[in-house]
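Here is a friendly walk through one protein model, written to be read with the structure open beside you.

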Amino acid sequence: MTEQRALHTMKTTTFQHATAETSAPVARSDRTRIRALAYRATTFVIVFELVSGSVWNLLTIEWIEIQLRHLGYPHFFAYILGAWQVGAAVAIIAPGFALIKEWAYAGAFLLWSGAVVSHLAVGDGIESWSVPLMFAICAIASWMLRPACRRLPQMRLRPDRTAAVGQAGPGLPATRPRDWTVAIGLLVVLYAVSFLTLPTVEDFMHKNAVELGWISE
């Protein structure tokens with residue numbers, strides 16, 4: 001009886017270990033999937049905003065002129081912002097260029113955090129600075145969640161020993177033509193959407209400026 005009881009205990013323990021070992025990779029897989037989805041979502045948000053912002057600034061639509069005048073910035077500041085927004089959008093969405101990505105993320109954060117500070121400095125309410133604050137948070141989240149292939153080697157969470165022949169450096173995955181096709185295609189679509197929705201955006205932003213009291217009807 002004692003031997004049977006011991007055998008039963010051993011089987012139960014073995015089963016529990018096997019179940020734990022099986023569930024651990026599943027949990028890690030779920031976390032990895034959620035992290036990847038969160039990265040894609042936050043990156044899409046900031047890239048779309050950079051693309052739209054570059055169009056609005058380079059064309060200097062009415063909303064941009066109103067904001068610049070309200071915040072006390074010179075007119076030409078719009079062209080500077082628009083040009084750098086194009087560069088940041090391309091750097092963040094393109095494969096490779098890990099160091100330039102760091103600069104682009106830093107620039108995007110400075111852009112939106114600077115907008116928050118500017119609105120606070122002139123006494124604007126939460127309805128004015130909450131949107132750039134949201135984009136700044138998304139930029140931080142995208143930067144923190146970016147995969148290993150988009151990080152500098154010294155900033156990776158785990159050592160990557162998957163280097164292969166033809167890569168630029170140890171542990172750096174090779175850039176595939178498909179990655180560039182997806183990045184370029186997405187940028188083209190986002191710019192097309194930004195241009196096509198411009199009339200609707202201008203009408204909406206004009207009404208928003210009137211409601212905020214920045215201009216009269």
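**Ground rules**

This is a predicted model, in which local features need pLDDT of at least 70 and side-chain atom pairs count only at pLDDT 80 or more, while totals for chains, interfaces and linings use all residues. Residues are numbered from 1 along each chain as its sequence is written, and side-chain values use heavy atoms, with hydrogens and water left out.

**The fold**

The protein chain has seven helices and zero strands, and along the sequence its pattern reads α-α-α-α-α-α-α. Helices (H or I, at least four residues) and strands (E, at least two) are DSSP runs, numbered from the N terminus. Of the 217 residues, 31% count as buried; buried means under 20% relative accessible area, exposed over 50%, and partly exposed in between, with a 1.4 Å probe and protein chains only. Contact here means heavy atoms within 4.5 Å. Among contacts between residues at least 6 apart in sequence, 71% join residues at least 24 apart.

**The second largest pocket**

This pocket holds about 1000 Å³ of space. On a 1 Å grid over the protein atoms alone, a pocket is an open set of points where a 1.4 Å probe fits, with protein on both sides within 12 Å along at least five of seven lines, and lining residues have an atom within 4 Å of a point. Grid points are joined across faces, edges and corners, and the volume is the space filled by probe spheres set on the points.

The lining has 40 residues, and E49, Q85, L111, W112 and A115 are the closest to the pocket centre. Helix 1 (2–59), helix 2 (62–71), helix 3 (77–93), helix 4 (98–121), helix 5 (126–145) and helix 7 (198–212) each give two or more residues to the lining. Helix 4 gives the most, with 12 residues. By class, the lining divides into 27 nonpolar, 11 polar and two charged residues. Ala, Val, Leu, Ile, Met, Phe, Trp, Tyr, Cys and Pro count as nonpolar, Asp, Glu, Lys and Arg as charged, and the others, Gly among them, as polar.

**Helix 2 against helix 7**

The axes of helix 2 and helix 7 lie 9 Å apart, at an angle of about 30 degrees. Axes are lines fitted to C-alpha atoms over the stretch in contact, and angles run from 0 to 180 degrees between N-to-C directions. The two helices are therefore roughly parallel, a term for angles under 35 degrees. Helix 2 brings E62, W63 and I66 to the contact, and helix 7 brings E202, M205, H206, N208, A209 and L212. Five of these residues are nonpolar, two polar and two charged.

**Single residues**

S128 sits in helix 5 and touches H119, L212 and W214, leaving aside its neighbours within four places in sequence. In the loop between helix 1 and helix 2 you will find T60, whose phi is near 45 degrees, a positive value in a residue other than glycine. F97, in the loop between helix 3 and helix 4, also has a positive phi, near 55 degrees.

| Residue | Relative accessible area | Class |
|---|---|---|
| S128 | 9% | buried |
| T60 | 8% | buried |
| I184 | 48% | partly exposed |
| F77 | 26% | partly exposed |

I184 belongs to helix 6 (residues 177–196), and its C-alpha atom is 7.7 Å from that of A94, 90 residues away along the chain. F77 lies in helix 3; 8.6 Å separates its C-alpha atom from that of N57, 20 residues away along the chain.

Definitions and conventions
Parallel < 35°, antiparallel > 145°, perpendicular 65-115°, else oblique.
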